[in-house]
Amino acid sequence: MRITITFLLFLFLSINCAQAQVLSNKEHFTRQDTLRGSITPEREWWDLTYYHLDIKVEPDKKFISGKNTVQYKVLENHSVMQIDLQPPLKLTKAIQNGEELEVKHDGNAHFITLNQSQEIGTMNSLEVHYEGNPREAIRAPWDGGISWEKDSNDNHFIASSCQGLGASVWWPCKDHMYDEVDSMLISVNVPDKLTNVSNGRLRLVEQIGDTKTFHWVVKNPINNYGVNINIGDYVNFSEVYDGMAGNLDMNYYVLRDNLEKAKEQFKQAPKMMKAFEHWFGQYPFYRDSFKLVEVPYLGMEHQSSVTYGNGYKNGFRGGDWSGSGWGLKFDYIIIHEAGHEWFANNITYKDAADMWIHESFTTYSESLYLDYHFGKKAASEYIIGTRKAITNDKPIIGTYHVNHEGSSDMYYKGASILHTLRQLIEDDEKWRKILRGLNTEFYHQTVTTKQIEDYISEQTGIDLTEFFNQYLRTIQVPTLEYKIEGKSLKYRWINIIDKFDMPIQIKMNDKEQWLFPKTGWNTLSSDKKIETFEVDPDFYVESKKI
């Protein structure tokens, strides 16, 4: 495939800007960063069990008002609760047992003093009321907030997106990833010519004067940024997919004028489901169904309500960043964002520093989709092609407890790391069992990097400690330094951390074999003069001939 320099520049900027909001270069952190990113004393004493988000959206005013009922279990004796809500929205009052409570506001964090005794083991609830004009997303989903747009027929076209920035940009919640709500009811009142689509299943549409309230029920645990509202002049079509756990309802909500295009493009959705159930195990949210919802921005992995804005084109907005041609065989947003249902929504990081768990595995899922439908060679060429986007600017893992993500290399470098692991295992069925096992072992859980590392090491039977340390915690790319002298190959690792020990496949005189480099020189002898030598490109390493 021929790609112009202009197109490459556009795509590079698009992809990297797409990660700008959630992957900042921030090095100095404030009290607000700590309040947002740590498990504060005002958070850790209670376990979130249920939300009822009940709001009214007034498009002409760009205004949201309503309340969130928060149900929780008491884990420790405490009397102050932290709820998060970002200005310019205002938390107007908090009520428990009919009594208005004292609230102290500290930037995005709001500390509510509870008058009722909080007895360990009891289930309690309170209402948090709020209103205002939420932050407007200028380039959603990258800067986050609410998109207030119009469709081609001048109908309101509205959507939320808030990864990284936090769900508290548009609704009050316990805005830390470690504690997912167990279930949720989302009630959204909109003008009656519009439809709201949120997560889960539609329970009821309630006509109230010249407005309608859409009640959506989420029965599975859900992370905060996965909750969404999507409001527009939608039409709906659907199908039933015969999946691993039985019948799965797959629903599609698109703008009226795009119905025919969507019916064609969304044929990829069941193909995605087939490939990912093969590689990752059953879709994690059968009870909540699966949806694709058209939005006025590129797209996002909202749980059971995946948003779509890729223009009904294959590739990333019609282009193939890999340059391999394989990226044009699928719609990037359908495949990538739906892949997050397994890695982000089923398995969710506890701390934003571990965001690679979401993005590395999901970027890698793009190649697995190709593997399933087009073969292993296609998957390999795609992964190798995407490496041009790797910058090695900073480590993939970010700073803990301050809501800080690592490098955007968690996408394409992360995918190459996992692809390298597949080569080391030398057993594709075993590798598939590991990917499936992750989704079983950590089903509907929040996790740490250590848990993922330990699980993979245990299942492979290989101590991968230094492998992960090298690739996730440094910007050093292992480099095979070598020299050829007649029938002799001398080689060693450079640019590695202490104790890094990884074998690698090479092809010498057209014969494939393994090398076991160390930091000191090793020698491999051939029975004839060495005419050709190359490192297997499936390994994410560099080579240097001297």
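**Note on the predicted model: cysteines, strand pairing and aromatic pairs**

1. C162 is buried, its relative accessible area being 1%. Here, buried denotes under 20% relative accessible area, exposed over 50%, and partly exposed the range in between, with a 1.4 Å probe and protein chains only. The model is predicted: local features require pLDDT of at least 70 and side-chain atom pairs count only at pLDDT 80 or more, whereas totals for chains, interfaces and linings use all residues. Residues are numbered from 1 along each chain as its sequence is written, and side-chain values use heavy atoms, with hydrogens and water left out.

2. The number of disulfides is zero, a disulfide being a pair of cysteine sulfur atoms within 2.5 Å. C162 takes part in no disulfide, and the nearest cysteine sulfur, that of C173, is 8.1 Å away.

3. N124 belongs to strand 8 (residues 123-132). Strands (E, at least two residues) and helices (H or I, at least four) are DSSP runs numbered from the N terminus. N124 is buried, with 10% relative accessible area. Its side chain makes a polar contact of 3.0 Å with the side chain of Q118. Such a contact is a pair of N or O atoms within 3.5 Å; within protein, one must be able to donate a hydrogen and the other to accept it, and residues adjacent in sequence count only if both atoms are side-chain atoms. Leaving aside residues up to four places away in sequence, N124 touches V70, Q71, Y72, V74, Q96, Q116 and Q118, where contact means heavy atoms within 4.5 Å.

4. An open sheet of three strands has the order 3-7-6, with antiparallel pairing; two strands pair if DSSP finds at least two bridges between them. Strand 3 (80-84) and strand 6 (102-106) are the edges, each pairing on one side only. From one strand to the next the twist averages 25°, based on axes that are lines fitted to C-alpha atoms (for helices, over the stretch in contact), with angles running from 0 to 180 degrees between N-to-C directions. Five bridges connect strand 6 to strand 7 (residues 109-113) in the antiparallel sense, and D106 has A109 of strand 7 as its bridge partner.

5. Strand 13 (residues 201-208) and strand 14 (residues 211-218) run antiparallel and are joined by seven bridges. V205 stands opposite F214 in strand 14. The two strands form a hairpin with two residues between them, and G209 in the turn has a positive phi of about 60°.

6. The whole structure contains 38 aromatic pairs. Rings of Phe, Tyr and Trp (its six-membered ring) pair if their centres lie within 6.5 Å; planes under 30 degrees apart are stacked, over 60 edge-to-face, and the rest tilted. W356 and F468 form a tilted pair, at 6.4 Å centre to centre and 45° between the planes. W356 is in helix 7 (residues 356-374) and F468 in helix 12 (residues 465-473), so this pair ties together parts 112 residues apart in sequence. Both residues, W356 and F468, are buried.

7. The pair of Y471 and F500 is edge-to-face, because the ring centres are 6.5 Å apart and the planes stand at 75°. Y471 lies in helix 12 and F500 in the loop between strand 24 (488-494) and strand 25 (504-508), 29 residues apart. Y471 is buried at 0% relative accessibility, and F500 is buried at 7%.
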